[in-house]
Amino acid sequence: MSAPAQKVRLVSIDALRGFDMLMIAGTGQVIHQLQGKTGLAWVDAVAGQFTHPAWFGFTFYDCIFPLFLFLAGVSIPFSLAKAVAQGTPKGELYRKAFVRLLILAALGFLDKNAPIPFFDPHQMRLGSVLGRIGLAGFVSVVLYLNLNSTKRLCVAGGILLAYYAALFLVPVPGFGAGNLSFEGNLVGWFDRSFLPGRLLQVTYDELGLLTQFPAMCLTMFGVFAGELLQSSTSTPAAKLRQLLLAGAVCLALGLLWSLHFPIAKRMWTSSFILVTTGISFTLLAVFYGIIDLLNFKRWAFPLVVVGMNSLTIYMVYHFVNFGHTSKLLFSGLYQPLDPKWHGVLESTGGLLLVWLFLYALYRRQIFFKA
């Protein structure tokens, strides 16, 4: 009988998750607000990367949610290692993953609908970030427990190819097949026809039904990255090379595919999935190489504090106005400055309060997870 697998927690995964959540919880807003204020072209260029394109195109900010989906997959081999080694029945692991799906879906519904319009259900929005993470995680757990890595990669590739084929071959009433415009694409028509409640863009919802399929591929690819990091037969240097190679291959395939199937976050095109997967592999490699391979960990502590409580800050940030609190506490300090900087400094103060809140939880070892 083999010994139970030892659970290893890589600091790089928590740090990268913290980096991702900080972008959501205020850092992205601070950087974007710098646009046009410094007179420096490079600052404006960076600030311009922190907004989403209206339809086709790509900015760094488009990578934030896909990175979180990817990291959800990276964690799966680590979280299931001990249970699998001890022979825990698959049914029990399915049940836990499904309960997590229900919890995240419920929290996601609350996040997108508070205050909930109980007496006007048509105004309720069913698509949510957390619900998408829960569904992708559940499907990835089922596949992880039943298929090897090669077969799972084939499943992900098949989904991306099927999604590509559907958008180009299935005709949309009034628009025909292969229409990728906002009004005429298959994804929007499907949501208008079959997704109850309110759609984010009125006639379209980027977190709707069909986009669930390509999105879950990010988590499947993340599982593969987690297996690379968990491998006991590869050296740390070899793991780093494998992550970088996977990132380069995905990025190259995505850019090549985009020549016919444009990169579009709001439609979660297959090219978008591969490009963001490539970036996610690369970022994970960079964080792993610096933090866990070279053992430079102290600088990452502020990120780890956030990464250990990512679900907490995602929900709290929706219900607590840190910007308003920042204005009450700090506006007396920056009031004499040029008014164009007030918004930047208010957002920076809010970001500081977010981190201090999470640090207080970290010090008390309070971690909320689904």
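This is a predicted model: local features need pLDDT of at least 70, side-chain atom pairs count only at pLDDT 80 or more; totals for chains, interfaces and linings use all residues.
## Helices H8 and H9

Angles between helix axes here run from 0 to 180 degrees, taken between N-to-C directions. H8 covers residues 212–230 and H9 covers residues 236–257; their axes come within 9 Å and cross at roughly 160°. Angles over 145 degrees count as roughly antiparallel, and H8 and H9 are therefore roughly antiparallel to each other. Their crossing is right-handed.

If you want to find this contact on screen, look for Ala 225, Leu 228, Leu 229 and Gln 230 on the H8 side, and for Lys 239, Gln 242 and Leu 243 on the H9 side. Sorted by class, the residues where H8 meets H9 are 4 nonpolar, 2 polar and 1 charged.

## The main core and its neighbour

Leu 229 and Leu 243 turn up again in the largest nonpolar core, which has 90 residues. Together with Ile 133, Phe 221, Met 267 and Leu 284, these two leucines touch the most other members of that core. Helix H10 (residues 270–293) supplies the largest share of the core, 12 residues.

Which residues does Leu 229 contact, once neighbours within four places in sequence are left aside? The partners are Leu 10, Ile 13, Val 74, Phe 78, Lys 239, Leu 243, Leu 284 and Tyr 288.

The axes of H3 and helix H1 (residues 11–33) come within 10 Å and cross at roughly 155°. H1 and H3 are therefore roughly antiparallel to each other, and their crossing is left-handed. From H1, the contact draws on Ile 13, Leu 16, Arg 17, Asp 20, Met 21, Met 23 and Ile 24; from H3, it draws on Ile 64, Leu 67, Phe 68, Leu 71, Val 74, Ser 75 and Phe 78. The class tally for H1 with H3 is 11 nonpolar, 1 polar and 2 charged residues.

H3 also meets helix H5 (residues 129–146): the two axes come within 10 Å and cross at roughly 40°. That angle makes H3 oblique to H5, and H3 passes H5 in a right-handed crossing. H3 brings Phe 65, Phe 68, Leu 69, Ala 72, Ile 76, Pro 77, Leu 80 and Val 84 to the contact, while H5 brings Val 129, Arg 132, Ile 133, Ala 136, Gly 137, Ser 140, Val 141, Tyr 144 and Leu 145. By class, H3 with H5 has 14 nonpolar, 2 polar and 1 charged residues.

Leu 93 sits in helix H4 (residues 90–113). Is this residue buried or exposed? Its relative accessible area is 6%, so Leu 93 is buried. Not counting residues up to four places away in sequence, Leu 93 touches Leu 80, Ala 83, Val 84, Thr 88, Val 141 and Leu 145. Leu 93 and Phe 322 are 229 residues apart in sequence, and their C-alpha atoms are 38 Å apart in space.

Trp 257 belongs to helix H9. With 17% relative accessibility, Trp 257 counts as buried, because the cut-off for buried is under 20%. Leaving aside neighbours within four places in sequence, Trp 257 is in contact with Leu 160, Leu 161, Tyr 164, Ser 270, Ser 271 and Leu 274. One of these, Leu 274, is 17 residues from Trp 257 in sequence and 8.9 Å away in space, C-alpha to C-alpha.

## Backbone details worth a look

Where is a cis peptide bond found? One joins Ala 114 and Pro 115, with omega at about -5°. Pro 115 lies in the loop between H4 and H5.

Two residues have a positive phi although neither is a glycine: Asn 295, at about 65°, and Gln 365, at about 55°. Asn 295 lies in the loop between H10 and helix H11 (301–307). Gln 365 is found in the segment after helix H14 (342–363), and with 55% relative accessibility Gln 365 counts as exposed.

Definitions and conventions. Residues are numbered from 1 along each chain as its sequence is written. Side-chain values use heavy atoms; hydrogens and water are left out. A nonpolar core is a set of buried Ala, Val, Leu, Ile, Met, Phe, Trp, Tyr and Cys residues joined through side-chain atoms within 4.5 Å. Buried means under 20% relative accessible area, exposed over 50%, partly exposed in between (1.4 Å probe, protein chains only). Helices (H or I, at least four residues) and strands (E, at least two) are DSSP runs, numbered from the N terminus. Contact means heavy atoms within 4.5 Å. Angles under 35 degrees count as roughly parallel, over 145 as roughly antiparallel, 65 to 115 as roughly perpendicular and the rest as oblique. A crossing is left-handed if the near helix is turned anticlockwise from the far one by less than a right angle, and right-handed if clockwise. Ala, Val, Leu, Ile, Met, Phe, Trp, Tyr, Cys and Pro count as nonpolar, Asp, Glu, Lys and Arg as charged, and the others, Gly among them, as polar.
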